[in-house]
Amino acid sequence: MIDLLVVGGGPVGLASALFAARAGMHAVVLEPRGTPIDKACGEGLMPGGVAVLARLGVDPPGCDLRGIRYVSDDAAATADFPGTPGRGIRRTALHGALAGAAAAAGIETLPRQVRDVTQDENGVSAAGLRARWLVGADGLHSTVRAAVAGDGVPTRRVPRRWGLRAHVQTAPWTEYVEVHWSRRGEAYVTPVGPDLVGIAVLTCERAPLEQLLATFPSLRRRVAGRRLGPVRGAGPLRQPVRRRVAGRVLLVGDAAGYVDALTGEGLCLGFRCAEALVERLRAGRPDGYERDYLGITRTHRLLTGALVAATRLPAVRRGVVPLAAGAPPLFRAAVAALSQ
Ligand SMILES: Cc1cc2nc3c(=O)[nH]c(=O)nc-3n(C[C@H](O)[C@H](O)[C@H](O)COP(=O)(O)OP(=O)(O)OC[C@H]3O[C@@H](n4cnc5c(N)ncnc54)[C@H](O)[C@@H]3O)c2cc1C
């Protein structure tokens, strides 16, 4: 029998399968899309995420990131990561590197879409396959989550946020992830190659990217005259989830719940949870994964949740960058906490 059936061959699903293979488990991945998979993402991997990939022997090409810079019309604040750099990595490069490592480890990826999951005390079945355990790594709008975890947490009436991203063909002008703040949202700038810069906008508004970019004058000037590449979108971003373990089924990555992309940690947290999840399965203690998940994501849930909530108020939103610029130790501490 298959030990671990991984639904979703995105970055976190592939990392889960790789950790499982290293633990001597027979893992199979189900992913309907072909390699390499692209996705709306800011494409900045935190130093902690680079470290997890290194433990898997995966070293995708990209640009070193020294830290985070917050920018507004009249202020800027910069904080370096305290240890090793992060990395700006094109999603296709990240996926290609992980898929290559999975193939080299003998992990089979089958082009199937899962529509339902059933389980009994001995195993779990999906897409015509049966396994001892199943991991739902099928993203923000997870089918596995809907099939096994029941209803989500009752949601508070908060404005929904969305993400849009595109690339500009130009040499990077910064070694930092720049986060530009405006009254309509945040624009992320991430260098991802010698001649390629990613721009992702997070906002409550449903408007074309070009229109949203007009509200970030200094960024608009930087890329003036350059054509934006294809635009991809994702959302709504907030996906509250009640629990991540349901019998023989466990959730990881965006499928396990999502706060917001504002602090750019989705990949790093997903990789760390994938490692913890496999360790729990190896030890025969799947229930402990829920505690691991809550521990690993705690800072992110508190910090990102509070920042998203507070900056709904226009006065707070206007004050974020001046506050970060006026209190460097505070900003450095926040960046250090998020970098892991
Ligand atoms: C605008 C934006 C900016 C972001 N910026 C950053 C950033 O800078 N840094 C960062 O770390 N994170 C960032 N994130 C978050 C990051 O993109 C996600 O956390 C990350 O992609 C999660 O990976 P995943 O493998 O869990 O899910 P995904 O990458 O979504 O992969 C899920 C996979 O499951 C497959 N799938 C779906 N349904 C099924 C099914 N029924 N059966 C089989 N397969 C299925 C899909 O085809 C897909 O390949 C950002 C997100 C957004 C939206």
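How far is an oxygen atom of the ligand from a polar backbone atom of E43? The distance is 3.3 Å, in a predicted model where local features need pLDDT of at least 70, side-chain atom pairs count only at pLDDT 80 or more, and totals for chains, interfaces and linings use all residues. Residues are numbered from 1 along each chain as its sequence is written, and side-chain values use heavy atoms, with hydrogens and water left out.

**View 1. The shell around the ligand.** The ligand is surrounded by 36 residues, of which E31, G42, G44, R91 and D254 are the closest (a residue counts if one of its heavy atoms lies within 4 Å). Helix 1 (11–22) and helix 7 (266–282) each supply at least two residues of this shell (helices are DSSP runs of H or I with at least four residues, strands runs of E with at least two, numbered from the N terminus).

View 2. Seven strands follow the order 6-5-13-14-15-12-16 with mixed pairing, where two strands pair if DSSP finds at least two bridges between them. Strand 6 (76–80) and strand 16 (232–234) stand at the edges with a single partner strand each, so one side of each is left without a neighbour in the sheet.

**View 3. Strands 5 and 13.** Strand 5 (residues 67–71) runs parallel to strand 13 (residues 176–182), joined by 5 bridges, and Y70 stands opposite V179 in strand 13.

Technical notes
Polar contact = N/O pair within 3.5 Å; in protein donor to acceptor, adjacent residues only side chain to side chain.
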